[in-house]
Amino acid sequence: MIVSIASGKGGTGKTLVATSLALAVSKHASIQILDCDVEEPNANLFVRAPIESAEPVYIPTPQIDADKCSHCGRCAEVCAYHAIAVISDKVLVFPELCHGCGACSYLCPESAIVEANRQVGVVEIGYRGNLELIQGRLDIGEPMPTPVIRKVKTYADRQKDVVIDVAPGTSCPVVEAVKGSDYSILVTEPTPFGLNDLSLAVEMTRDLGIPCGVIINRASLSRDNLIEEYCRESEIPVLLKIPFDRDIATLYSKGIPLVERETRWRNAFLDLFDALKRGQLYVAYNA
Ligand code: SF4
Ligand code: SF4
C-alpha cells in the first residue's frame with residue numbers, strides 16, 4: 001500500500017506523522033519511506049538511516065549546433081516554457097526554464113539540437129533495520145523540484161508498504177508526489193488557517209481520486225471542533241489526534257521519534273496503518 005502524507009500548510013507535523021508511521025511499521029515488516037519534500041528533506045532527521053548510495057538526477061537540456069541551425073525559430077515556437085529564444089542569428093537557451101520535454105530537438109527541421117544532461121538534484125538511499133529511506137534533494141538554486149520527485153518515486157517498491165512524505169501546499173510538486181497513492185493522510189492543526197489549507201488539500205486528493213483521512217496535530221479539546229465539523233460535513237474520517245503537548249514538542253525539537261519513546265504512540269500508528277490496509281477508513285483512533 002502506498003500512503004502519502006500531505007498537508008495544505010507547512011509546519012503542521014507532516015514529517016512527524018510520516019516518520020512515526022514508517023518507524024512503527026518497520027518494527028514488524030519491511031517498509032519504505034520516500035521523502036519527496038525535495039527542497040527540504042528532513043525525514044532522515046528522525047529516521048537516522050545511514051546513507052549508503054546516491055544517484056544524480058538529470059534533465060536533458062538542448063544544445064544547439066550553430067553550424068546546422070538555420071534560425072527558423074521552430075524550437076522557440078514549440079517550447080511551452082519559453083526556455084529557448086531565437087534572436088536574428090542566435091539561439092539562446094535558458095537551462096533553468098527547460099523541463100526536458102524534448103519537443104525542440106524532436107521538431108527541429110535541421111536536426112541541429114542535441115540533448116545534454118544537466119544535474120538538478122540527487123536521490124539518496126539509506127537503511128535502518130526494516131526501513132528503507134529514499135530521499136530526494138534538489139540542488140541549491142534549481143527552480144524545478146518535479147524531476148527529482150519523479151526520480152524518487154521510481155524507487156517505490158509495490159511489493160512493500162510505502163509512506164511518502166510530501167511537501168506542504170497543493171502545488172505541482174505536491175500533486176506529483178501524491179498521485180498514484182492508494183490513500184492520503186492529510187495532517188492539519190485546529191486553526192482557521194489549518195482549516196483553509198486542509199480544504200484545499202482535500203480538493204486536490206478528490207481531483208486525483210485518492211481517498212483521504214485527517215490527522216489533527218496540536219489538538220486541544222476547545223478548538224478541534226473546527227476541523228471535526230468540516231470533516232463530518234465533508235465525510236472525511238478523523239484518523240488520529242496528536243495533542244498540543246509540551247513533551248511531544250520537546251521530543252520533536254530534538255529529532256527523537258515519538259513512536260520510539262512511547263509505546264502507546266507506536267501502537268496507535270500501527271493500529272492506524274492496519275486499519276488503512278484493511279480498508280477500515282472510517283474508524284477514528286485516539287492514542
Ligand atoms: S528549430 Fe533548429 S534550426 Fe530552427 S532555430 Fe531552432 S535549432 Fe535552429
Ligand atoms: S526540451 Fe522542452 S522545455 Fe526544454 S527547451 Fe526544449 S522544448 Fe523547451
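Trainee: What makes S6 and S7 a hairpin, and which residue in the turn has a positive phi?

Mentor: Two residues separate S6 from S7 in this hairpin, and Gly 129 in the turn has a positive phi of about 60 degrees. Keep in mind that we're looking at a predicted model. The two strands run antiparallel and are joined by 8 bridges. Tyr 127, for instance, stands opposite Glu 132 in S7.

Trainee: How do you know that S6 and S7 (residues 131-138) really pair?

Mentor: Pairing takes at least two bridges between the strands. S6 and S7 have 8 bridges, so by that cut-off they pair.

Trainee: And S3 with S6, in which sense do they pair?

Mentor: Antiparallel, over 13 bridges, with S3 covering residues 51-64 and S6 covering residues 113-128. One place to look is Ala 54, whose bridge partner in S6 is Glu 124.

Trainee: What about S4 and S5, how many residues sit between them in their hairpin?

Mentor: There are 2 residues between them, and Ser 88 is in the turn. S4 and S5 run antiparallel, joined by 4 bridges. Ala 85 has Leu 92 as its bridge partner in S5.

Trainee: What makes the phi of Ser 88 worth a remark?

Mentor: Its phi is positive, about 40 degrees, although Ser 88 is not a glycine. Most residues other than glycine have a negative phi. His 82 is another case, with phi near 55 degrees. You'll find His 82 in the loop between helix H3 (74-78) and strand S4 (84-87).

Trainee: Why is helix H1 said to be largely enclosed?

Mentor: A residue needs 20 or more other C-beta atoms within 10 Å to be buried. In H1, 13 of the 13 residues are buried, so the rest of the structure largely encloses this helix. For the protein as a whole, 43% of the 287 residues count as buried.

Trainee: How do you know that the length of H1 agrees with what a helix should span?

Mentor: H1 holds 13 residues, 14-26, and at 1.5 Å a residue they should span 18 Å. The end C-alpha atoms are 18 Å apart, so the two values agree.

Trainee: What makes up the shell around ligand 2, by class?

Mentor: It has 10 nonpolar residues, 3 polar and no charged. Cys counts as nonpolar here. The residues that come nearest, out of 13 around ligand 2, are Cys 79, Ala 83, Cys 98, Cys 101 and Cys 104.

Trainee: And which residues come nearest to ligand 1?

Mentor: Cys 69, Cys 72, Arg 74, Cys 75 and Cys 108, out of 14 around ligand 1. The shell of ligand 1 has 9 nonpolar, 3 polar and 2 charged residues. Arg belongs to the charged class, so Arg 74 is one that comes nearest and counts as charged.

Trainee: Last one: where do the domains fall, according to the assignment?

Mentor: The domain assignment gives 2-57 + 122-286 as domain 1 and 66-111 as domain 2. Their C-alpha centres lie 40 Å apart. The C-alpha atoms of the protein fill a box of roughly 70 × 40 × 35 Å along the principal axes.

Conventions: Residues are numbered from 1 along each chain as its sequence is written. Chains are lettered from A and ligands numbered from 1 in the order in which they are written. This is a predicted model: local features need pLDDT of at least 70, side-chain atom pairs count only at pLDDT 80 or more; totals for chains, interfaces and linings use all residues. A residue is near a molecule or strand if its C-beta atom, placed from the backbone, lies within 6 Å of it. Domain bounds come from an automatic or database domain assignment. The expected span of a helix is 1.5 Å times one less than its number of residues. A residue is buried if 20 or more other C-beta atoms lie within 10 Å of its own, exposed if 12 or fewer, and partly exposed in between; C-beta atoms are placed from the backbone.
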